[in-house]
Amino acid sequence: MAFYVLLEWVISLLLIAGGVFAFVGSLGMLQFKDFFMRLHGPTKGTTLGIGCILMASMVYFSVVQPGIHVQELLITLFLFITAPVTGHMLAKTGLHMHLRYTRDTRGSPPELRDEDVGQGRVERPPRPRRPASEGQKRRWRLRR
Amino acid sequence: MLDTALWISLALIVAALAMNVARLARGPDIPDRLLALDTIYVNSIALIVLLGLWLNTKVYFEAAILIAMLGFVSTMAICRYLLRGDIIE
Amino acid sequence: MTSLGRLLPTPTLSLVLLIIWLLLVRSLAPGQLLLGVLLAMGIPLLTRRLWEPLPRVRHPWTLCRFVARVLWDILKANLEVSYLILKPGRAPRPGFVEYPLLVREPLTITLLANTITLTPGTVSTNIRLDRSTLLIHVLDLDDEQALVEAIRTRYERPLKEIFEC
């Protein structure tokens, strides 16, 4: 009996941890200042959050239904493999499109070479000058 | 207790989805919106799994896996389009 | 090459495919098993041209330790990033870092980039096609040299040991 109580605790803990991690990941995406910082929330927080929730589902169904249920592992593994790939591609797209980054960013990304992205039909926006003009600064502050 | 945990988790995921939608609406550039969409996919998988737990059924498992795969492929496709102007070369 | 080798060019891939199929259909019935075996043999044969020859795992034990360490680091990374997100006041100091790569194999670089993205405060953003450097965006950059050194000792050296000796 105590075993089931313990399992219930584990499942509840996993569920809440998953929810909190997903929430924090999305919160990071909402509140950070520039695109590259926003990228950090979903790639880490949300991925682990859903991993926790899938684990909880796995344990729960293994307890209440006959047999062992490990199909959730499939989704978990898939997400853990694809999330970094998505993050990488999004970051590369951001670099390619010359998205702005906050002024306190240290170091600057090098210009992507043609061989890194290939010749596309989508026009690349021109690279903005690093010291922004007054109007740009105002817009930047508005944009957060 | 399980019910309470489930409710808390559901509330957090729904709040996360709301924030994603806010970013989707506000996002100044295309990659921001793309990131928001991708996160919406992942969060909706969580929502579906929680629904399965709530209803005590595994019927929705396939839906979750389909969303995971389609979400990844579509995000990749849009990224590739933005990067190279072509999806299949 | 023996006939078995021709029928099963990549045994590991076939095994993984079989397991995925059985998990997807959620049954161990003989019919599903047979279908799974057929798929596991057919798919690698059909897609053989798309696969580059993969490097062999030389030290399985090191691989296990590496996976455990990465899982632990994912947890730690999430707590750190959560702290950065939730903490009011001091804003994080982001930065771009060029990380010079030691490893050369495509698979190893991919694994390294994925690991970097999943672990503390870093997202890999661009790989030079000549495989010389990896551009990393750091959420809270403290010391660039220390970060490069940490990645080198924690992730790259084990990976190099596992796959490239």
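In the predicted model, 63% of the contacts in chain A between residues at least 6 apart in sequence join residues at least 24 apart. Chain A contains six helices and zero strands, and its elements follow the order α-α-α-α-α-α from the N terminus on. Of its 144 residues, 47% count as buried.

M58(A) lies in α3, which covers residues 40–64 of chain A. The residue is classed as buried because 21 other C-beta atoms lie within 10 Å, the threshold for burial being 20 or more. When residues up to four places away in sequence are left out, M58(A) touches H69(A), V70(A), E72(A) and L73(A). Two of these partners, E72(A) and L73(A), fall within the range of α4(A), residues 71–96. By contrast, G45(A) is 13 residues from M58(A) along the chain, and the C-alpha atoms of the two are separated by 20 Å.

Chain B is likewise helical, with three helices and zero strands. Its elements run α-α-α from the N terminus on, and they comprise α1 (2–26), α2 (30–55) and α3 (61–84). The C-alpha trace of chain B extends over about 50 × 30 × 10 Å along its principal axes. Buried residues account for 43% of the 89 residues of chain B. Among the contacts in chain B between residues at least 6 apart in sequence, 40% link residues at least 24 apart.

Most residues other than glycine have a negative phi. N56(B), although not a glycine, has a positive phi of about 55°. This residue counts as exposed because it has 10 C-beta neighbours inside 10 Å, and the limit for that class is 12 or fewer.

Chains A and B share an interface in which 47 residues of chain B are in contact with 48 residues of chain A. On the chain B side, the elements that give two or more residues are α1, α2 and α3. The largest share, 15 residues, comes from α2(B). By residue class, the side of chain B that touches chain A divides into 32 nonpolar, eight polar and seven charged residues.

The arrangement of α2(B) against chain A can be described through its packing with α4(A). Two packed helices are described by the angle between their axes and the distance between the axes. The axes of α4(A) and α2(B) come within 10 Å and cross at roughly 170°. The two helices are therefore roughly antiparallel, since angles over 145 degrees fall in that class. From α4(A), the residues that take part in the contact are I75(A), L79(A), T86(A), L90(A), T93(A) and G94(A). These residues meet P31(B), L34(B), L35(B), D38(B), V42(B) and I45(B) in α2(B). The residues of this helix–helix contact divide into eight nonpolar, three polar and one charged.

Chain C has both kinds of secondary structure, with six helices and three strands. From the N terminus on, its elements run α-α-α-α-β-α-β-β-α. Buried residues make up 28% of the 165 residues in chain C. Of the contacts in chain C with a separation of 6 or more, 69% are accounted for by residues 24 or more positions apart.

Strand β1(C), residues 95–100, pairs with β3(C) in the antiparallel sense over six bridges. Within this pair, F96(C) stands opposite H137(C) in β3(C). Strand β3(C), which spans residues 133–138, is mostly covered, with five of its six residues buried.

Terms used
Residues numbered from 1 in each chain as written. Chains lettered and ligands numbered in written order. Predicted model: local features only at pLDDT ≥ 70, side-chain atom pairs only at ≥ 80, totals over all residues. Contact = placed C-beta atoms within 7 Å. Helix = DSSP H or I, 4+ residues; strand = E, 2+ residues; numbered from the N terminus. Nonpolar A, V, L, I, M, F, W, Y, C, P; charged D, E, K, R; others polar. Pairing = 2+ DSSP bridges. Axes fitted to C-alpha atoms, helices over the stretch in contact; angles between N-to-C directions. Parallel < 35°, antiparallel > 145°, perpendicular 65-115°, else oblique.
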